[in-house]
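Look over the two chains shown here before reading on. The report goes from whole chains to single residues.

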Amino acid sequence: MIEQVSRELLLPGQVDINQLDHFLAEAMGPGIDFADLYFQQSMSESWVLEEGIVKDAGYSADRGVGVRSVSGEKTGFSYSGDISGLAISQAAEAARSIVRQGKSGKVEALRKVDFKPLYVPDNPILALSSEEKLAILQQADTIARETDSRVKEVTASLSANFEQVLVVASDGTLAADIRPLVRVNVSVIVEQNGRKERGAAGAGGRYSLKTLMDKSLAESAAKEAVRQALVNLEAVDAPAGNMPVVLGSGWPGVLLHEAVGHGLEGDFNRKGSSAFSGRIGEQVASSLCTIVDDGTIADRRGSLSVDDEGTPTQNTTLIENGRLVGYMQDKMNARLMNQSVTGNGRRESFAHLPMPRMTNTYMLPGEHNPEELIASVKKGIYAVNFGGGQVDITSGKFVFSASEAYLIEDGKVTAPIKGATLIGNGPETMQKVSMVGNDLRLDDGVGVCGKDGQSVPVGVGQPSLKIDELTVGGTGQ
Amino acid sequence: MNQVPSSQSNDALSEQMQAWKEQLPRCADQVLGLAKQKSATSAELSIGASRGLSVNARMGEVETVEFNQDQSLSLTVYKGQRKGHVSVTDLTDKALEQAVEMALAFAEHTAEDPFAGLASAELMAKSWQDPELYYPKPFDVEQLVDLSLACESVGREDSRITNSDGAGFHASERTTLYANSHGFQGQLWGTNYSASCVLIAGEGDQMQRDYWYDSQRQWDLLSSPEAIGQKAAERTLMRMNPQKISTRKVPVLFAAEIASGLLGHLMGAISGGSLYRNASFLKDRLGKQLFPEFVSVFENPHLKAGVASAPFDQEGVATRDNIFVADGVLQQYMLGSYSARKLGLETTANAGGARNLRVSSTGESYEQMLQTLGTGLLVTELMGQGVNMVTGDYSRGAAGYWVENGVIQYPVHEITIAGNLQDMFKNILAIGSDVDTRGNTQTGSILIEEMSIAGA
């Protein structure tokens, strides 16, 4: 893989892989104790259908190299869209200017990092002809419209990304990865007696467009989008106030991503800015909760064979039976906190600095049938789909917005309710998890996580959960 | 019809900007020439190039120094009524030729769309005043480091500030060029300087964080590091020991710095894309009373040194002062040429959005707005994405202050505010003169008669 990636990334600019230690030495300089070079080439294709026709299709390409020089807690960073010896040297000179004094660190001999590939290293874009790509979208459109006559608008998009990366670091790291990523999204608008509602669904992962086609993911997304929109046509005002909340399995795991995940990223904990800082060993969730971040699941959207610092990903237990046992780390924060790297060093592109990020974050299953969770609630809500969420890691406050939810009355799911935002405090809310279902499910592969202006693909998952009390932000009684 | 304005003084350009000023128009000509030669019916492109320096300091030490330089070209080609596009960062001859070929290949596969195409030639901007967006200053790492350190140091003076997420200074310059096969070509260049400080007060599960920032085209107009650090500290300290208020319906005052979001929802709902897709709660509301009579919403794209000033939009159409809402009535939608054709209307020169959007004020200062609020909630932070543009339903996480008789009583957190945007717009009681001038959408604080609070 290293040979193939170097040929693509280095050869056009006449950079020899055997020169890379020389460029690393340039990025080291006085006082610098760690440096890395991150070469990346990314190619994406997208097709968009609306009003029954594929109106737009396009391609985008980007490549470049990022050079990082680290001295203790200080980081110098520069990058170039030109992968040539001169450009790398200039970027290295800029990056190492963060400090100008001290001992020059040493560049270790580069050694190939061993890891198990989690996805096929083929260009996902080339796996289907243009005609086949068009057919996928056309079929999604047809299915959505045939499912129900109240469907008025259908928008469907298909995207595929092919990324090749090469990382070398002064600690001797030499790693390359080839990363396919595909996704289909369908969004519909339904109308009945003048009332309009929207539904949206999608799916994807690290595989080729052919796999996406063979799994009929576009058809499932079309049906699911229509189902959600029709549910919302009947929705009544959501209640307002504190009440028990049952969350469905799968995508509602965005709760864990916001309420727990971000707060357990190494950088926030090193700086003491997270509500979870300094709490290793403490009970931060109910004893029913075991939460992991697992970058090693084959073909998943959030998975990586190696992270963007060349560290193989792993399955890291963050919370075990409610006790905080670990953080997610990149190299810099692991070193400064004297902990092990966990393969969570990620970056949006060569033009961004790496930092600790989640991969696939989920809770392990419990003992209950999901029906038991609902049956135990006298008055509350059952939320099964969400738009997105946000967290303030310092105060621990998180929100996430339901896009499909129902009232629970006397242990039974009754009327659908309009999208309401749920708000809580991460550590407090996790203590209130009182029942965990046996139905663990991961999401369908559409998650995007933003941090410090950088977006990366992630996965979430969970079994059905009952939270004894959470604030539901509706307008009704 | 090369329309690069000559009024902008060239000797003021940085060396890199000078290079881009010469290179980008050539690149545009080359790509449009290739598109024509390879039998595109028409084509349009935009090129953006920027460079910048960002410095961040934390806990009394420099933390990051980042240099950036980027360029990218987006090309759309039409073959008859079929469309294809590419976006590339490699602007070498070979890469550009390949890009044109790929765009044309996509245009072989997309469907005939009778509404596709460039904006009409007669609408292209023909000559324009220099919008005066460019105020260069050499990037100086040491200076930005010193200012960042000074800013954070002032912010941390109060011992109740226990931690910091750092203070930073950023300097950048950017040029954008738009050209199309009508022969239109226009290039703009501008600078941006910004500074921010993020502080933390309290410890353990009582930590609160807040921030302040400034952003200006001219370095000399940027707030002092001391002022930013101090404001960040004040805001952070004010949030200590928050309470959760009970579920109820109350008047809500959106602080100026977040009130622009409400205007964002309005503009999203009257933008051509959501209208022709039937995805707007304001469809078919042209000429209808959406707001009280004192509300006007308008844009001034030609302000000198404005945040978003531009003489032409992203299709080359000459921009103009648009009034979207007058006397509370929706006067016009916000359209580019494609959505205009779809809706049977004319473009409003808003490809790329509104520029320097303003809202009329009812004249009250911040203090007077608090008085007018009387007893209710002042919201200073919103969280999450709970806004449904199809229905107007609004439910978001919020934090702020409980106010009684015009006086702030205590900070409030972990609540949601909910309503429907149509009702919220209709029930605006006042718009303050305390305008936040840092962004593209500038408004004072906005008071809404009643919203649902979900809390304790």
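The text below covers the overall build of each chain, the contact between the chains, and selected strands, helices and residues.

## Overall build

The model is predicted. Chain A holds 11 helices and 23 strands. Its radius of gyration is 24 Å, close to the 23 Å that the globule rule gives for 477 residues, so chain A is as compact as a globular protein of that length. Chain B holds nine helices and 17 strands. The radius of gyration of chain B is 24 Å, close to the 23 Å from the globule rule for 456 residues, so chain B too is as compact as a globular protein of its length.

The table sets out further values for each chain.

## Where the chains meet

How many residues does the contact take from chain A and from chain B? Chain A gives 62 residues and chain B gives 57 residues. On the side of chain A, strand β2 (residues 53-71) supplies the largest share, with 11 residues. By class, that side of chain A has 20 nonpolar, 27 polar and 15 charged residues.

β2(A) also pairs with a strand of the other chain. Its partner is strand β3 (residues 82-88) of chain B. The two run in the parallel sense and are joined by four bridges. Within this pairing, A:G58 stands opposite B:H85 in β3(B).

Strand β1 of chain B covers residues 42-58. Of its 17 residues, 12 are buried, so β1(B) is largely enclosed by the rest of the structure.

One partner is strand β2 (residues 61-79) of chain B. The two strands run antiparallel, and 17 bridges join them. B:A49 stands opposite B:Q71 in β2(B). β1(B) and β2(B) form a hairpin with two residues between the strands. In that hairpin, B:M59 takes a positive phi near 50°.

Another partner is strand β4 (residues 161-180) of chain B. This pairing is antiparallel as well, and has 14 bridges. Here B:N56 stands opposite B:G168 in β4(B).

A general point on side chains applies to regular strands. In a regular strand, side chains alternate between the two faces of the sheet.

B:T41 lies in the loop between α1 (15-37) and β1 of chain B. Is B:T41 buried or partly exposed? B:T41 has 17 other C-beta atoms within 10 Å. A residue needs 20 or more to be buried and 12 or fewer to be exposed, so B:T41 is partly exposed. Leaving out residues up to four places away in sequence, B:T41 touches B:Y78, B:K79 and B:G80. B:T41 and B:I417 are 376 residues apart in sequence, and their C-alpha atoms are 51 Å apart.

## A helix pair in chain B

Helix α3 (residues 141-155) and helix α4 (residues 225-238) of chain B come within 7 Å of each other, axis to axis. The axes cross at roughly 35°. The crossing of α3(B) past α4(B) is right-handed.

Which residues meet here? From α3(B) come B:L147, B:A150, B:C151, B:E152, B:V154 and B:G155. From α4(B) come B:P225, B:E226, B:I228, B:G229, B:Q230, B:A232 and B:A233. By class, this contact has eight nonpolar, three polar and two charged residues.

## A:L24, in a helix of chain A

A:L24 is found in helix α2 (residues 20-28) of chain A. Is A:L24 buried or exposed? A:L24 has 27 C-beta neighbours inside 10 Å, so A:L24 counts as buried. Setting aside neighbours within four places in sequence, A:L24 is in contact with A:A35, A:L37, A:V107, A:V168 and A:S170. A:L24 and A:T394 are 370 residues apart in sequence and 36 Å apart in space, C-alpha to C-alpha.

Technical notes: Residues numbered from 1 in each chain as written. Chains lettered and ligands numbered in written order. Predicted model: local features only at pLDDT ≥ 70, side-chain atom pairs only at ≥ 80, totals over all residues. Rg over C-alpha atoms; globule rule 2.2 N^0.38 Å. Axes fitted to C-alpha atoms, helices over the stretch in contact; angles between N-to-C directions. Left-handed = near helix turned anticlockwise from the far one by under 90°. Contact = placed C-beta atoms within 7 Å. Nonpolar A, V, L, I, M, F, W, Y, C, P; charged D, E, K, R; others polar. Pairing = 2+ DSSP bridges.
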